[in-house]
Amino acid sequence: MKRISGWPFSRWHLVLAPLALLFALPLIWLLVSSVMSNAEINRFPPALWPHGIKFDGYRYVLGNALFPRWFLNSFIVSAIAVTANLVLGSLGGYAFARIRFAGSKIVLGLMLATMVIPFQLTMIPTFLVMKQLGLIDTLGALIVPSLVTPLSVFLFRQFFVSLPRELEEAAWIDGCGRLRILVSIVLPLARPALSTVAVLTFLATWNDLTWPLIAINSDSTYTLQLGLTTFQGQHHTQWSAVMAGNVITVLPVLLGFLLAQKAFIRSLASTGLKG
């Protein structure tokens, strides 16, 4: 849509700007209420703006709860899951995209079919496996099931299929092996796919609540989402602390997406469903 004469933006901005503000209102209210006092939050009608910025909620959360420990646990689980999916997902995706072996299409189809299986059907077998491995109530129970996902393999496979084979064939003639071609040639071109898998994996592991609720019992091993849920149930009157905890939880996700949004959009536009 063309720009309005004399204005530095197009007509689309007149529609998108109010929509963006509408979607941002919950985040704005969360941030504003986190620096309010409990009296201002509980007042009716509620105050739309604090009379003064107060960090009592943040001090209460960081000083009187296990939030720093929960934050560290979530960061460890998410960082390992992201790294493992980038490494193992790229290896699996490249194998399905470039290596033809007996039953490759059948294996790929079976792997993709697991994406439509609800987690409720697999959580009991997963729990039993983690119990046999002795990982229940440890961070390992959260890390092992997230080491590689069918979605990461599929996204890498779709991106690798879209790349021209000529670059790899030239390296193959020069004596490069499969692994060196992947590391030296293919992965540097796959930055949009790497960013997309990293963002999606981070979002899934950071925001996961159901599986930690099943696999973790000790409060010192809680992730941030599980700890926040428990904290909110125990401190339902300390709304400033609850809001501050939510801000701490949302901030890494929001920053991660804002930093990687361009690569994320490029990857979705380039991968498609070719193959």
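**Reading a helical model**

Author: Buried residues make up 36% of the 275 residues in the protein; buried means under 20% relative accessible area, exposed over 50%, and partly exposed in between, with a 1.4 Å probe and protein chains only. This is a predicted model, in which local features need pLDDT of at least 70 and side-chain atom pairs count only at pLDDT 80 or more, while totals for chains, interfaces and linings use all residues. Residues are numbered from 1 along each chain as its sequence is written, and side-chain values use heavy atoms, with hydrogens and water left out.

Reader: How many helices and strands does the secondary structure of the protein contain?

Author: Helices (H or I, at least four residues) and strands (E, at least two) are DSSP runs, numbered from the N terminus. Here the protein has 14 helices and zero strands.

Reader: Which residues of helix H5 are buried?

Author: In H5, residues 104-113, the buried residues are Ser104, Leu108 and Met111. Seen down the helix axis, they fall within an arc of 65°, so they line one face of H5; the arc is that of the directions from the helix axis to the C-beta atoms. The face turned away from that buried side carries the exposed residues Lys105, Ile106 and Leu110.

Reader: What do the buried residues of H5 pack against?

Author: Contact means heavy atoms within 4.5 Å. The buried residues of H5 pack against helix H4 (67-98) and helix H8 (150-162).

Reader: At what angle do the axes of helices H10 and H11 cross?

Author: Axes are lines fitted to C-alpha atoms, for helices over the stretch in contact, and angles run from 0 to 180 degrees between N-to-C directions. The axes of H10 (residues 178-189) and H11 (residues 191-206) come within 5 Å and cross at roughly 75°. H10 is therefore roughly perpendicular to H11, a term for angles of 65 to 115 degrees.

Reader: Which residues of H10 and H11 meet?

Author: Leu187, Pro188 and Leu189 in H10 meet Arg191, Pro192 and Leu194 in H11.

Methods
Parallel < 35°, antiparallel > 145°, perpendicular 65-115°, else oblique.
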